[in-house]
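Open your viewer, load the model and get ready to click along. We will take a few stops, and at each one you will hear what to select and what is there.

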Amino acid sequence: MPLVVLGLSHHSSPVTVRERFAFAEARVPAALQMLRDSGVADEAVILSTCNRVEIYAVTPREPPAAFTALREFLVTCHEYHDPLTDEIYALSEPQSVHHLFKVAAGLDSMVLGETEILGQLKKAYDLALQNGHTGGRLNKAFQRAFNVAKHIRTETNIQRGSVSVGSVAVELAEKIFSRLSDRDVMIIGAGDTSEKTARALLSRGARSILVSNRSHDKAVALANELGGRAVPFDAWAGEFANIDIVVSSTSAPHYILDRAKLDPLMKLRRNRPLLLIDIAVPRDIEPEVNFLEDVYLYNIDDLQAIAEDYLKQRKEEVARCEQIIREKAEALLSHTGRREPDGAVRPAFGRE
Amino acid sequence: MDWLTDRHYFLLAVIVYGLSMIYSVFLWRNGFRRDNRVNYLLLLLAFGLHTAAMLRRGFRLDRCPVTNLYEATIFAMWTIVAVYLAVGLWSRLRFLGAFASPVLFGIGVFALMPSLDATHGPRPELPAAWTSVHAALMSLSYGAFGLSAVAALMYLTQERNLKFHKLQAIFSLMPPIQRLEAVAGRLLVSGFILLTLGLLSGVVDLTHINNPHLYRGDPKIVWSIGVWLLYLGLVILRWRFAQGGRRFALSAIGSFVFVLLTFWGTNVLSPLHNP
């Protein structure tokens with residue numbers, strides 16, 4: 001009995017379609033039961049995330065017949081009546097196994113190499129396992145997929161580095177400060193990106209957050225949300241002796257911090273380094289401040305350049321990862337005694 | 001293999017240090033992005049040869065082999081490599097070898113100069129144990145100063161990369177600059193304490209010399225006091241006036257370069273150390 005995959009993802013369909021096929025977690029056990037009762041699958045796992053909805057099934061039918069039935073199940077289950085062209089893809093062995101391994105390793109994700117999908121995949125598998133919808137074949141395939149993801153994470157650089165502005169800022173902070181647990185962060189301007197950056201720093205252990213904003217109420221609201229303290233906008237400079245990381249994102253049309261203002265404040269810091277992250281456009285911090293000793297200034301372009309370089313590195317690793325996946329899939333299929341070299345079957349469904 | 005003397009072993013060790021230095025150039029160019037076992041293994045091999053050289057010399061002399069400048073220099077080098085190999089067991093710090101190997105190769109070539117290995121026995125009036133303690137402490141202190149300079153060099157490299165937004169700064173495996181600065185500071189203080197103890201043990205040695213004219217105004221003693229004052233100044237600046245960052249790193253490197261450049265000359269000029 002072959003392992004097949006049928007579904008749709010961010011590669012094949014827009015969010016307006018994906019959201020209509022999404023399974024709420026509570027609905028999944030019933031859907032799996034329905035799928036097995038229909039006779040199309042002996043074993044099944046449903047993976048439903050914001051970027052993909054996929055059914056992994058071990059089917060007693062020939063793949064073309066199984067794909068038709070699975071597609072019908074997906075459409076009926078969600079009462080989807082609009083026309084579909086290439087949104088749904090279907091894969092049989094060995095591509096289905098390759099695909100499972102790629103998904104587990106984050107190679108099929110929107111952010112290449114991200115790890116969140118592995119957790120989601122494990123959760124989807126556990127749900128099916130606990131409800132008795134998996135058997136020997138799917139258990140083996142999923143366990144192997146988790147092992148392959150781990151192997152790829154340790155043996156390649158696919159998950160190395162940060163590909164978002166917030167996580168690059170965290171990484172920079174970790175290159176400057178021995179540890180973040182005794183570092184204080186100040187946000188000037190309560191924007192979305194600065195909030196995300198602050199959250200990233202807090203998640204890595206930053207000690208405290210100060211928030212300053214032209215609208216003090218907004219500063220208080222964000223400070224409360226982040227478990228920090230609000231500082232009046234005309235008083236933020238007074239905190240500079242104590243803070244270590246500044247994330248600035250105001251909408252001021254001019255510099256709010258320049259060299260002349262920062263120079264005397266640095267003397268109060270007794271050589272402690274200061275990381276300035278300026279994500280505002282137009283910029284909030286005069287570039288000249290970077291010439292001051294112990295000051296490290298990065299603007300939005302600097303952060304994005306680092307993130308893009310990381311992404312480039314990850315893309316360079318894809319070939320190595322795919323080689324590993326091919327070998328591991330081959331080993332799994334030869335071990336289970338199934339291999340259909342004709343590969344993917346796409347009876348009018350299209351594919352990724 | 002009796003035809004291989006201890007100096008031959010040391011020569012082989014220096015050649016391997018040289019190979020490690022060449023390999024380090026590639027690591028520098030790649031920005032220390034990868035854990036690097038090759039350099040670690042090269043330095044481990046060199047360390048083995050280096051240890052063999054010291055053991056052979058020690059067994060031949062039947063004492064701790066620190067009776068002349070050559071022996072003192074290779075002992076100081078040995079402490080640097082030993083500390084690196086211990087620290088390098090942690091893979092994230094293995095790249096330190098790329099900074100240490102040029103320093104080791106440079107000191108090794110310097111140590112091989114024949115005039116440094118002058119054969120002279122210990123002064124009979126001096127107790128052998130105290131002399132060995134004095135020489136060992138002094139060598140260890142210079143080893144600590146050398147490592148402090150290596151950490152300071154790493155600090156300057158990484159600090160510059162961060163300042164000028166070079167991608168290497170974030171891609172490299174180097175520790176945070178604050179930690180590098182702290183390590184350089186602690187090694188410098190450790191070196192200063194060892195130097196102080198080494199000089200005090202030297203004072204105990206001097207009490208056994210009946211004629212004070214033999215050591216009064218001795219260039220090596222004057223120089224050693226000068227070095228002690230230099231490092232005392234650095235320690236005070238750091239701990240009392242919180243000097244850190246680039247200035248501290250440059251001071252640590254500059255002081256060690258001064259020691260390297262003047263150590264040999266003052267030793268040659270010293271009748272007490274070069275009878």
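Two residues are in contact if their C-beta atoms, placed from the backbone, lie within 7 Å of each other. With that in mind, colour chain B: among its contacts between residues at least 6 apart in sequence, 81% join residues at least 24 apart. Before going further, please note that this is a predicted model, in which local features need pLDDT of at least 70, side-chain atom pairs count only at pLDDT 80 or more, and totals for chains, interfaces and linings use all residues. Residues are numbered from 1 along each chain as its sequence is written, while chains are lettered from A and ligands numbered from 1 in the order in which they are written.

**Stop 1: chain B as a whole**

Switch to a cartoon view. Helices (H or I, at least four residues) and strands (E, at least two) are DSSP runs, numbered from the N terminus. How many helices and strands does chain B have? The count is nine helices and zero strands.

Now colour by pLDDT, the predictor's confidence in each residue, from 0 to 100. Chain B has a mean of 83, and 89% of its residues reach 70 or more. Within chain B, confidence is lowest in helix 6 (residues 167-171), at a mean of 75, and highest in helix 2, at 91. For the complex, the predictor gives an ipTM of 0.74 and a pTM of 0.69.

**Stop 2: helix 2 of chain B**

Select residues 37-61 of chain B. This helix has 25 residues and reaches 36 Å from its first C-alpha to its last, close to the 36 Å expected at 1.5 Å a residue (the expected span is 1.5 Å times one less than the number of residues). Which of its residues are buried? A residue is buried if 20 or more other C-beta atoms lie within 10 Å of its own, exposed if 12 or fewer, and partly exposed in between, with C-beta atoms placed from the backbone. The buried ones include B:Y40, B:L43, B:F47, B:H50 and B:R57.

**Stop 3: the nonpolar cores**

A nonpolar core is a set of buried Ala, Val, Leu, Ile, Met, Phe, Trp, Tyr and Cys residues joined through C-beta atoms within 7 Å. The largest one here has 125 residues, and those with the most contacts inside it are A:A169, A:A173, A:V185, A:V211, B:A151 and B:A184. Helix 5 (residues 128-163) of chain B supplies the largest share of this core, 17 residues. Another core, of 56 residues, lies apart from it and has A:F23, A:V40, A:A141 and A:L332 among its members.

Zoom in on B:A184. Leaving aside neighbours within four places in sequence, B:A184 is in contact with B:S148, B:A151, B:A152, B:Y155, B:A249 and B:A252.

**Stop 4: where the chains meet**

Show both chains: 18 residues of chain A are in contact with 15 residues of chain B. Which element of chain A gives the most to this side? Helix 7 (165-176) of chain A does, with five residues. The chain A side divides into seven nonpolar, three polar and eight charged residues (Ala, Val, Leu, Ile, Met, Phe, Trp, Tyr, Cys and Pro count as nonpolar, Asp, Glu, Lys and Arg as charged, and the others, Gly among them, as polar).

**Stop 5**

Chain A has 11 helices and 10 strands, and buried residues make up 45% of its 352 residues. Select strand 10 (residues 295-299) of chain A: four of its five residues are buried, so it is largely enclosed by the rest of the structure. Five bridges join strand 9 (residues 274-278) to strand 10 of chain A, and the two run parallel (strands pair if DSSP finds at least two bridges between them). Look for A:D278, which stands opposite A:N299 in strand 10.

**Stop 6: some backbone details**

Finish in the loops. Between strand 9 and strand 10 of chain A sits A:P282; the peptide bond from A:V281 to A:P282 is cis, with omega near 0°. Another cis bond runs from A:E93 to A:P94, with omega near 5°.

Then select A:E79, in the loop between helix 3 (63-77) and strand 4 of chain A. Phi of A:E79 is near 50°, a positive value in a residue other than glycine. Is A:E79 buried or exposed? A:E79 counts as exposed because it has 7 C-beta neighbours inside 10 Å.
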